[in-house]
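Work through the exercises below with the sequence and coordinates at hand. Each task is followed by a solution in steps.

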Amino acid sequence: MELIRDVLDFISTGLGDLGATLAPYAFIGLVGLYLLWLVIGYLRVSQVGIQAESATLPALPLPHAPDGAIDVPRGVPYCPNDGLRYPAGARFCTQCEADLLASCANCGATIRATDESCYRCGTHATLAAASD
Ligand SMILES: [Zn+2]
Ligand SMILES: [Zn+2]
């Protein structure tokens, strides 16, 4: 009977103390969750940063034909001054800031990478670049 009385005593008087005892732990738990959320957010941002950086990099040197001319795959934006090829959708050379050129994917005519379509055969330039 001593035990039951202690339990009743504890319930009647100890609940407030219990709340005061548990409150710091609950607070620490919330702070821990907040820190975890910050860490996850940081990791996601840093990964996005890596992906964005690698997506802006690729200006690849073009192979040169034996006669010295640049060997350009059709439908790919390139800079004739620096001999660099750029991913589809690029508009300007990052080295010399010139307009990029592209060879029409259909007829091979040299057009500007910013042109909507080929002046000679009318092939849509962006469609041609997407199918490259
Ligand atoms: Zn250039
Ligand atoms: Zn064409």
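Residues are numbered from 1 along each chain as its sequence is written.

**Exercise 1.** State where confidence is lowest and where it is highest in the protein.

Solution. pLDDT is the predictor's confidence in each residue, from 0 to 100. The protein averages 81, and 82% of the residues score at least 70. The lowest mean, 53, belongs to helix α2 (residues 125-130), and the highest, 94, to β2. Where pLDDT is low, the predicted coordinates should not be read in detail.

**Exercise 2.** Give the order of the elements from the N terminus on.

Solution. Helices (H or I, at least four residues) and strands (E, at least two) are DSSP runs, numbered from the N terminus. The protein has 2 helices and 5 strands, arranged α-β-β-β-β-β-α.

**Exercise 3.** Identify what leucine 100 touches.

Solution. Contact requires C-beta atoms, placed from the backbone, within 7 Å. Not counting residues up to four places away in sequence, leucine 100 touches Pro77, Tyr78, Cys79, Tyr86, Ala90, Arg91, Phe92, Cys93 and Ala113.

**Exercise 4.** Locate glutamate 97 and classify its exposure.

Solution. Glutamate 97 sits in the loop between β3 (84-85) and β4. A residue is buried with 20 or more other C-beta atoms within 10 Å of its own, exposed with 12 or fewer, and partly exposed in between. Glutamate 97 counts as exposed because it has 9 C-beta neighbours inside 10 Å. Its phi is positive, about 65 degrees, although glutamate 97 is not a glycine.

Methods:
Chains are lettered from A and ligands numbered from 1 in the order in which they are written. This is a predicted model: local features need pLDDT of at least 70, side-chain atom pairs count only at pLDDT 80 or more; totals for chains, interfaces and linings use all residues. Two residues are in contact if their C-beta atoms, placed from the backbone, lie within 7 Å.
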